[in-house]
Amino acid sequence: MTARLSLYRKAEQELYKLDRSVKAQFYDFCHVFRNNPNQPGLKLKKLKGDSRIWSARVNDSYRALLTPTGVDADGTESWLVIAVRHRKDVYEELQVAVNRVTGEIEFVDLSVVGGSALRRAGITLTPAEPDRTAPSAEPEPQPQPQPQPTVETPPLLAAYSADQLRELGVADQLIELALAVTDSTELDQLVEGAPLLSKDVLYGLAAGMPIDEVRKEITQPVELGHEPDLGDFAAALSRTKVTAVDDAVQAAIDEGDFRAWKVFLHPTQERIVHRHYNGPARVSGGPGTGKTIVALHRVKHLAEQLPPGSNKTILLTTFTKNLTTDLRLRLASLVEPELLDRVEIAHIDQLAARVLGENTAPGRGRQRVYDHVALNEMRQLLAELDDRRWEAEFLLEEWEQVILGQSVATRSAYFQARRAGRGRSLTRPERNHIWKLVEQFTARLDKLGVETWGQASERAARFEIERAAKIRARREYKEEVGGKDLIHRDNSSGMRYLNYRYRHIVVDEAQDLSPAHWKMLRAMADPDLPNDMFIAGDTHQRIYDHQVALGSLGINIRGRSSRLTLSYRTTKEILTEALRVVDPVKPWQQVNYDDLDDGTDNLAGYRSVLHGPAPAFTPYETWEDELAGLATTLATWREELSTDENGSPIDPSGHIAVCVADRDMVSQTMYYLVTKAGITCAELTKDGPKGDGEVHVGTMHRFKGLEYQRLAIVGASDGIIPRTHVIDRYRIEDPPRYEREQRKARSLLFVATTRARDALNISWHGKHSPYLPV
């Protein structure tokens, strides 16, 4: 008799943590089991607790726990490996069932739950019968009962009933325990062995999410839609994310990375990735919740649905060049080469430059300059006019965000222009005065033969809007004449091959794009086709001052928005401190940001299931002392990351990074580390890491969208974060602008702190930044 084996996601995670020799022995076990599950050496037997769980011998010490899921027409048995455990960790109370909400198979392990919670729920764990073929060993010491606390602590989830937890999808076996836990430590222990939906629901409720939001954001996205047959394991297996165990697993085991053979998507993320949308859709969420992973898998899904061809019909874009480089590398690991060839990956300014190149005669193009060059020109203009009424920074932003952002072409149109998010209001005479200054400023740029990237984006948007209008006109004419005379008309007008550039557009870090960028993108994809735009972003991480309302730009996401709340990257300890940066007074759950569509969004329910060391906050007297302390920290990290769990040497390069406030501090930090500490460095540039140094060093802006195992933020001193000489002048003159600059600076530090996965060190010299939670 032969068998077919599949691997439950939890079992995969356990295998990854095991010694490489055990992984190899598990592969041998799979080979033997598939050929004959009744082979005597496997010692296949039922557990006494749940008769649907069987134990089989992997080696003297480890057991595979399996559940049968059906028999094929040819007599082949199907089995699901639900866990791989040391024999002393196999208990009779392990249970497997079908979830009544998702219809998926779930494995519940109570052996990781804290003893106090088990006692309050009246549960005693019973070790399974020892394997008689295993070498004799001393009995494992059993934990002694601890005295009951004299003062009863109220349950953490006392506000909820068993029926409510059941309706939300919490596994039946965990409900009584969930209602018994009294603190976050016990809850962490409980969800360690919980199915994913149970984990998300319990963490969401404990984090303070209203029950209606938990139902909408966690339960509904993975709901089956009808009552499943709780006894039909074969049907449940078809809904459960598993991996077939075959010979391809061997290569991954040999590489020592058991996760390399599958890219994990959380069920909530997976539903978003595969959903069919009748228009633009958006996913939001805090740092580490997987927005970029969702965007990349969305590209993969869309590419797999494309009709045959070779044209690049999918665009993946974002704001910064170095993040585009990272996206390209990550997508290449997900998508087959022939599908990757049909995806264009370009940052938004690169896209605008291409449009302008297509629509500008040779030799007639303008040189594009960055904002700091334009700002100097604005300052010189004001100095020449002796006009001290407005700050140059305010005028440049008013021009880019309002005038260019809304394609305002006339003075009268500027009088009516919307200025949401700009702070102080302007009278009609003030707008008139600003318009005159802007006219002089743009004439100055024209004379120099230059334009800003904001101007370039606005011109590119106009070209694309005109192009889209021609496409619509062609369609309307075709409908009017029924196709007659269309070829003749197309040939005479040059429109025969004119079509929308892309079938699908996927945008990452959407909060940083300007209105002109959005107008250009909207015109590049056919609004009449489904799944035209997919947008991933988080306005809490906006580090550029681009305020947009997508609906006003023709991008309607109402009813097609999803929110992710579970962080897979940042530990709970790091996240707790990072969230305290968001607002100095309000609880972070109550801090509202815009949602890109005239509404508000916050981080309520945002949480992490990962644990690690608490972030270190270290003061120093001088900058030189701080750099010396940094060198010591990096040397320690380098040593700790130089070997894997089995003691084999590995290269820690690219796992450690240093984040600073500006380019001068980048140069100073790298010089010190290289010349005085012997630590090689690679600078994070717009094109990605420059060089092959082991430690990446860059400004906070360069860390957007990246992540590192260990991160040090240095120079977090008062006056540096934020640059008080830059924003303090607005404190009296323009309080709304002052608050906006403060929020932008806080967002930048928030982004930086949440790039760390396992360890975070923050240091300063002199007085610490007022944003730090110390």
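**View 1. The largest nonpolar core has 49 residues.** A nonpolar core is a set of buried Ala, Val, Leu, Ile, Met, Phe, Trp, Tyr and Cys residues joined through side-chain atoms within 4.5 Å. Buried means under 20% relative accessible area (1.4 Å probe, protein chains only). Residues with the most contacts inside this core are Leu630, Leu634, Val658, Met700, Leu711, Ile713 and Leu749. Helix 24 (residues 623–640) gives the largest share, six residues. Helices are DSSP runs of H or I, at least four residues, and strands are runs of E, at least two, numbered from the N terminus. A second, separate core of 37 residues includes Leu42, Trp79, Ala128 and Ala236.

This is a predicted model: local features need pLDDT of at least 70, side-chain atom pairs count only at pLDDT 80 or more, and totals for chains, interfaces and linings use all residues. Residues are numbered from 1 along each chain as its sequence is written, and side-chain values use heavy atoms, without hydrogens and water.

**View 2. Valine 658 and its contacts.** Contact means heavy atoms within 4.5 Å. Neighbours within four places in sequence are left aside. Val658 then meets, among others, Leu630, Leu634, Thr669, Phe703 and Leu711.

**View 3. Asparagine 59 sits in a loop between strand 3 (54–57) and strand 4 (62–71).** Asparagine 59 is buried, at 12% relative accessible area. Its side chain makes a polar contact with the side chain of glutamine 25, at 2.6 Å. A polar contact is a pair of N or O atoms within 3.5 Å; within protein, one must be able to donate a hydrogen and the other to accept it, and residues adjacent in sequence count only if both atoms are side-chain atoms. The backbone nitrogen of serine 61 lies 2.8 Å from a polar atom of the asparagine 59 side chain.

Terms used
Buried < 20%, exposed > 50% of the residue type's maximum accessible area, 1.4 Å probe, protein only.
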